[in-house]
Every structure is written in C-alpha cells, then in structure tokens.
Amino acid sequence: MRVISSCCKMHEIMQRGIPLVESIDKSREPLPHLEAIYFIAPVESSVNALVRDFVNDRSERRYRAAHIFFTETLPDAMFQRLTQPAVAKVIKTLKEVNVSFLPQESHAFHLDFEDAFHHFYSAQQIKGRGNR
C-alpha cells in the first residue's frame, strides 16, 4: 500500500473503475463476480494468501480472475506455487514491475532500505565490486 499511496490517492484509483482496495493480509469477503488486481511484494505471506484465494476447501473461488503485479522479481520457488492448476487457470496477467521504491517527488525517490547508503557506497562493497 505504501508504494501506491505515495503515487496516487484513493479517489484517483476509484475514478479508474477500481471499486475496492484491500490488504491481502486481512480477511476479505469473496467477490466471485469480480476480477482482482493484486499489487503485492513477492514474499511468502503474500503469495500464500494469493494462492489461498483460489485453492481452498470452498467450492467457490474468491474472485473470477487474477491480474497479478509483483513489486520486484519473483523468486522461482514462489513462481512454482502459481503454476498449480487451480491458480494458473485464473491468472489473466502476471508481471514484475520493479517498483520497490517510494517516490518522494518528481526527481527523488527513497529505497525504503535502512542500510542503502552503506550497501552501495561502503569501502567493502566498492572493493568487492572491483573484483568482478
């Protein structure tokens, strides 16, 4: 939600025809007549929740179809979870958009990574890069 909130307002999302925005971590009501757009980080908890939306004991799926957008590269092991027949047959879109940063203004952004400066500019890191 932080990435979306830093880019646009809820009323702008709703003007685009998206009637509801919910956290994947919360309990959600089934809306089997609607297609869902998932904008999630590629982490175990999010992928597990997504899979549960379509692989469950209920006869009814939570949503009619899924358009999935990951905020960064999806590890192969997590991708394999999405290839289960119950999940794969409802996926209409699957993309990695690589937007795991927070725009602060039009010419600046924040990586939301506490040790970013040290990671990119420490003498140890620079020395390690020189050997490649």
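Predicted model: local features only at pLDDT ≥ 70, side-chain atom pairs only at ≥ 80, totals over all residues.

Residues are numbered from 1 along each chain as its sequence is written, and side-chain values use heavy atoms, with hydrogens and water left out.

Q: Why is the contact of Asp-53 with Arg-28 called a salt bridge?
A: The closest N and O atoms are 2.9 Å apart, and the term requires a side-chain nitrogen of Lys or Arg within 4 Å of a carboxyl oxygen of Asp or Glu, so the pair qualifies. Asp-53 lies in helix α3 (residues 44-54) and Arg-28 in the loop between α2 (10-15) and β1 (31-40), 25 residues apart. Arg-28 and Asp-53 also belong to a network of salt bridges with Arg-62.

Q: What makes Arg-64 partly exposed?
A: Its relative accessibility is 47%, and partly exposed is the range between buried (under 20% relative accessible area) and exposed (over 50%), with a 1.4 Å probe and protein chains only; therefore Arg-64 counts as partly exposed.

Q: Why does Lys-92 count as exposed?
A: Lys-92 has 55% relative accessibility, which is over the cut-off for exposed. Its side chain meets that of Glu-35 in a salt bridge (2.7 Å, N to O). Glu-35 sits in strand β1 and Lys-92 in strand β3 (residues 91-96), 57 residues apart.

Conventions
Helix = DSSP H or I, 4+ residues; strand = E, 2+ residues; numbered from the N terminus.
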